Amino acid sequence: MACFLVPGTEAIVVTAAAFLLKKYEQNKAQIKVREGGDAEKASAKRGFSGKLFWLADLLWGGVVLLAFEHLWHGEVVPFFPFLTAASEGPEAVSEMLGEMASVGVTMAVIVTAVWAAMVAISYAIEKRPERVEAEASV
Amino acid sequence: MTLLITVFAAVITTAVWYKKSDEKMLLGPLCWMFWGASLMWLADAVFEYAELGAQYFSPAPSDMLNDAFLGLSVVALALVIWIVILLIKDPKGVVRARLRKK
């Protein structure tokens with residue numbers, strides 16, 4: 001009914017957090033360079049904000065396509081009150097909220113869990129090339 | 001059916017992204033869109049399966065047709081969003097070059 005609003009809210013929070021973290025990482029890299037650090041190394045190093053943007057992209061992508069699906073099924077309308085259930089009385093609203101709490105939260109949890117697994121795997125992959133190169137040179 | 005079509009789109013897009021590994025085609029946003037929607041519809045499918053049981057796998061032909069139509073429309077919408085992003089960001093400078101020529 002409006003389950004996509006839960007991952008949508010998460011998407012807003014994650015995007016804001018990713019932008020703040022990116023700014024913090026850029027400032028930190030600049031300070032390091034000013035203190036005599038390697039500028040090339042500082043700019044090449046990708047921080048955690050990049051990985052947080054993966055989650056934001058996953059969430060936004062899913063939310064956009066799910067919003068279209070809800071529009072298709074007439075659960076969302078392009079005029080006020082936007083959610084069909086909101087104009088159908090308190091029973092429909094409570095059903096909508098129940099679906100948001102069950103399906104919506106599960107959606108957010110599944111996407112976040114898959115992202116966490118991706119981050120863990122990406123750290124393992126980032127370490128792998130050195131090992132492969134070392135083995136090849138032997 | 002919608003989930004199935006979106007998963008196929010996600011796998012094909014990711015395979016193309018991996019093969020080409022050309023960041024100038026901006027295939028990343030398309031991959032994220034399809035995977036994000038696939039995961040969310042997977043959650044939806046789990047709840048539907050819990051409610052309907054084995055009946056979930058034998059939908060009525062009219063429902064299947066409608067879902068397939070929706071799935072294809074979703075893929076079309078994602079492709080339109082991707083092409084708009086590609087033309088606006090214009091990483092290869094094709095649009096900019098064309099506009100300057102005129």
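Biologist: At what angle do helix α1 (residues 5–34) of chain A and α3(A) pack?

Modeller: This is a predicted model, where local features need pLDDT of at least 70 and side-chain atom pairs pLDDT 80 or more, while totals for chains, interfaces and linings use all residues. Residues are numbered from 1 along each chain as its sequence is written, chains are lettered from A and ligands numbered from 1 in the order written, and side-chain values use heavy atoms, without hydrogens and water. The axes of α1(A) and α3(A) are 8 Å apart. Between these axes (lines fitted to C-alpha atoms over the stretch in contact, angles running from 0 to 180 degrees between N-to-C directions) the angle is about 155°.

Biologist: How does α1(A) run relative to α3(A)?

Modeller: The packing angle is about 155°. Angles over 145 degrees count as roughly antiparallel, under 35 as roughly parallel, 65 to 115 as roughly perpendicular and the rest as oblique. The orientation of α1(A) to α3(A) is therefore roughly antiparallel.

Biologist: Where α3(A) meets α3(B), are the helices parallel or oblique?

Modeller: Helix α3 (residues 48–72) of chain A and helix α3 (residues 61–89) of chain B have axes that come within 10 Å. These axes cross at roughly 140°. The two helices are therefore oblique.

Biologist: Which residues of chain B lose the most area to chain A?

Modeller: The contact takes 20 residues from chain B and 23 from chain A. The buried area (accessible area, 1.4 Å probe, lost by both parts on being put together) is about 2,000 Å², and carbon and sulfur atoms give 85% of this. Three residues together make up 37% of what the chain B side buries: B:W32, B:L39 and B:M40.

Biologist: Which residue forms a salt bridge with A:K51?

Modeller: A salt bridge is a side-chain nitrogen of Lys or Arg within 4 Å of a carboxyl oxygen of Asp or Glu. Between chain B and chain A the count is 0, and the structure holds 1 over all chains. A:K51 lies in helix α3 of chain A, and its partner is 75 residues apart, in helix α4 (residues 90–137) of chain A. With the closest N and O atoms 3.0 Å apart, that partner is A:E126.

Key
Helix = DSSP H or I, 4+ residues; strand = E, 2+ residues; numbered from the N terminus. Contact = heavy atoms within 4.5 Å. Buried area = accessible area lost by both parts, 1.4 Å probe.
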